[in-house]
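Subject: Structure handover

Hello,

Here is the structure I promised to pass on. Please open it first; my notes follow below.

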Amino acid sequence: MPERGSAEPGREARALARLYDVDLVEDPGDLDLYLALARRTGGPILELGGGTGRLAVPLAESGHDVTLVDVDRAMLERADRRIAAMPAGGGRVDLVAADLLDLRLPSAGSFALAFIALNTLFLLATRDRQRAAIQVLADHLAPGGLAVVDVWLPEVDDLARFDGRMIFEYERVDPETGLLVTKVDAARHDQTTGVVELTSVFEEGEPGGTTVRWVRRDALRLVGADELRVMSAEAGLIVETIAGSYDLDPLHPGSDRAILMARRT
Ligand SMILES: C[S@@+](CC[C@H](N)C(=O)[O-])C[C@H]1O[C@@H](n2cnc3c(N)ncnc32)[C@H](O)[C@@H]1O
């Protein structure tokens, strides 16, 4: 794996990376969109914050070369395993361990499609960092290349629940370990900054047996469609559309996602 240092992820980081994939046992439904966009643009493809390779690996299996950048080595370790299990004959996935905000790949300026999927932009929890991330996307695209950024648009009722109360998320079996996982979230929304402080508590174990508890803490800065539009224009991108769903329905009041698509000139 290129550009990966020698530091081994710890037990907690590995557990949280595995539990990230348990979160996504419930398919968010975005893969077909990226496959369709990749057919339209061709490759190579860049994914910033690509995690465990949920999107990058099937994109490569469909024949595209993909570069996946992530700062979390435990996530990359899982992506590496997915890559090892890929059938021969598709494209390749290059894994890059880096903070995406520091990214300047030798192949910058060559990507046909570059994207930040599934609320990953929120994790860069200040406006300046989010704006810089979109600049990194723009700088890595070839002229005419397509940038995509996908974020959730919470409703007022969602935000009202983000007052620190515990919210039951799910109880499901981890297909990898066979252990029962229970997830509870507590979120607090600061409306002056748009930042949600999210604590996720996972308990896993045999049904009726002792459990192990893992805690993940994230700060998420919410971004609306207008702000996405402004940030991408600031990065020199030309906005083609902001869709309101993975089927590319037009954004409308009540849309629960904003999916920005913008071109580098
Ligand atoms: C919500 S996960 C999404 C993973 C993947 N895109 C998907 O849709 O399955 C966000 C990922 O972004 C990564 N990430 C967060 N901040 C980052 C940064 N500054 N640089 C690189 N990766 C980052 C996290 O490590 C995590 O793997």
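Predicted model: local features only at pLDDT ≥ 70, side-chain atom pairs only at ≥ 80, totals over all residues.

**Confidence**

The protein chain has a mean pLDDT of 95. A pLDDT of 70 or more is reached by 98% of its residues. Residues 1–5 are a stretch where pLDDT stays under 50. For residues 1–5 the model has 14 contacts beyond four places in sequence.

**Ligand site**

- Arg54: an N or O atom of its side chain is 2.8 Å from a ligand oxygen.
- Asp70: a side-chain N or O atom is 2.6 Å from an oxygen of the ligand.
- Leu100: a polar backbone atom is 2.9 Å from a ligand nitrogen.

How much of the ligand's area does the protein bury? Taken alone, the ligand exposes 600 Å², and the protein buries 90% of that.

**Helix α2 and what follows**

Helix α2 covers residues 31–41. Its buried residues are Leu33, Tyr34, Leu35, Leu37 and Ala38. In an α-helix there are 3.6 residues a turn, so residues three or four places apart point the same way. Which elements cover the buried residues of α2? The cover includes strands β1 (45–48), β4 (111–116), β5 (141–152) and β11 (257–264), along with helix α3 (56–61).

The backbone just after α2 deserves a look. Gly42 takes a positive phi there, about 75 degrees. Gly43 and Pro44 are then joined by a cis peptide bond, with omega at about -5 degrees. Pro44 sits in the loop between α2 and β1.

His64 lies in the loop between α3 and β2 (66–70). Is His64 buried or exposed? His64 counts as buried because its relative accessibility is 13%, and the cut-off for buried is under 20%. Leaving aside neighbours within four places in sequence, His64 contacts Ala38, Arg39, Gly42, Gly43, Ile45, Leu59, Gly91 and Arg92.

Which residues other than glycine have a positive phi? Asn119 is one of them, at about 70 degrees. Asn119 is placed in the loop between β4 and α5 (127–140). Leu248 is another, with a phi of about 65 degrees. Leu248 is in the loop between β10 (237–243) and β11. Leu248 counts as partly exposed because its relative accessibility is 34%.

**A buried serine**

Ser232 belongs to helix α7 (residues 225–234). With a relative accessibility of 0%, Ser232 counts as buried. What does Ser232 touch, not counting residues up to four places away in sequence? Ser232 touches Ile134, Leu237, Val239 and Leu260.

Best wishes

Technical notes
Residues numbered from 1 in each chain as written. Heavy atoms only, no water. Polar contact = N/O pair within 3.5 Å; in protein donor to acceptor, adjacent residues only side chain to side chain. Areas by Shrake-Rupley, 256 points an atom, 1.4 Å probe, with all protein chains shown as cover. Buried < 20%, exposed > 50% of the residue type's maximum accessible area, 1.4 Å probe, protein only. Helix = DSSP H or I, 4+ residues; strand = E, 2+ residues; numbered from the N terminus. Contact = heavy atoms within 4.5 Å. pLDDT = per-residue confidence, 0-100.
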